[in-house]
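This report describes the fold of a single protein chain, from its overall layout to selected residues. The sequence and the model are shown first.

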Amino acid sequence: MTEDGWYDEAAGPLVRPYTITSGRTPSEHQLDLSTQVMTLQQGSDPVGLGPEHLAITQLCRRPLSVAEIAVYVKLPLGVVRVLCGDLIDRGLVITRAPSRQPAQVPDHETLQAVLDGLIKL
């Protein structure tokens, strides 16, 4: 177990995720896995933020996706969405939604060439 007692390598976090968010769930802010988050203020640590909030503001000095943040802070996506929502509400981070451009479907000839190549293997 680490010195602060909040994390045990074998058991995982000793604080339940709903405790970190005070039982709140993601609602107002639509943050999907690939939404980019970036810290606006890089001065002193704002008062009243938890250690998880501070970790996110430190990580997001360069844009990171919500999924990447969850990996780095070792928290479930739902918890990270709530925490990012808190930071958005306080004006500490900005977000950018992924582009919603439809994927281009390859033409029939390209697909046939790929299939022919696979068959030759």
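The sections below treat the overall architecture, the sheet, the helix packing and a few individual positions.

## Overall architecture

The model is a predicted one. The protein chain contains five helices and five strands, and from the N terminus on its elements follow the order β-β-α-β-α-β-α-α-β-α.

Of the 121 residues of the protein chain, 26% count as buried.

## The three-stranded sheet

Three strands make up an open sheet, arranged in the order β4-β3-β5 with antiparallel pairing. The edges are taken by β4 (64-65) and β5 (93-96), each with a single partner strand, so one side of each has no neighbour in the sheet.

The antiparallel pairing of β3 with β4 extends over two bridges. Within this part of the sheet, Val37 lies opposite Leu64 of β4.

Val37 belongs to strand β3. Its relative accessible area is 0%, and Val37 is therefore buried, the cut-off being under 20%. Neighbours within four places in sequence aside, Val37 is in contact with Cys60, Arg62, Pro63, Leu64, Val66, Ile69, Cys84, Val93, Ile94 and Thr95. One of these, Arg62, is 25 residues away along the chain, with a C-alpha separation of 8.2 Å from Val37.

Val93 is located in strand β5 and is likewise buried, at a relative accessible area of 4%. Although Val93 and Val37 are 56 residues apart in sequence, their C-alpha atoms are 6.5 Å apart in space. Beyond its neighbours within four places in sequence, Val93 is in contact with Val37, Met38, Thr39, Leu40, Cys84, Leu87 and Ile88.

## Helix α2 and its buried face

Helix α2 spans residues 51-59, and His53, Ile56 and Thr57 are buried in it. Viewed down the axis of α2, the buried residues fall within an arc of 95 degrees, so they line one face of the helix. These buried residues pack against three elements, namely β3 (36-39), α3 (66-73) and α4 (77-89).

His53, a residue of helix α2, has a relative accessible area of 9% and is buried. With neighbours within four places in sequence left aside, His53 is in contact with Leu83, Asp86 and Leu87.

## Packing of α2 on α4

The axes of α2 and α4 are 10 Å apart, and the two helices pack at an angle of about 75 degrees. This angle makes α2 roughly perpendicular to α4.

On the α2 side, the contact is made by Glu52, His53, Ile56 and Thr57, which meet Leu83, Cys84, Asp86 and Leu87 in α4. By class, the residues of this contact comprise four nonpolar, two polar and two charged.

## Packing of α3 on α4

The axes of α3 and α4 come within 9 Å of each other and cross at roughly 110 degrees. The two helices are therefore roughly perpendicular to each other.

In this contact, Val66, Ala67, Ile69, Ala70 and Val73 of α3 meet Leu77, Val80, Arg81 and Cys84 of α4. The residues involved divide into eight nonpolar, no polar and one charged. Cys84 is listed here and also in the contact of α2 with α4.

In general, most residues other than glycine have a negative phi.

Definitions and conventions: Residues numbered from 1 in each chain as written. Predicted model: local features only at pLDDT ≥ 70, side-chain atom pairs only at ≥ 80, totals over all residues. Heavy atoms only, no water. Buried < 20%, exposed > 50% of the residue type's maximum accessible area, 1.4 Å probe, protein only. Helix = DSSP H or I, 4+ residues; strand = E, 2+ residues; numbered from the N terminus. Arc of directions from axis to C-beta. Contact = heavy atoms within 4.5 Å. Axes fitted to C-alpha atoms, helices over the stretch in contact; angles between N-to-C directions. Parallel < 35°, antiparallel > 145°, perpendicular 65-115°, else oblique. Nonpolar A, V, L, I, M, F, W, Y, C, P; charged D, E, K, R; others polar. Pairing = 2+ DSSP bridges.
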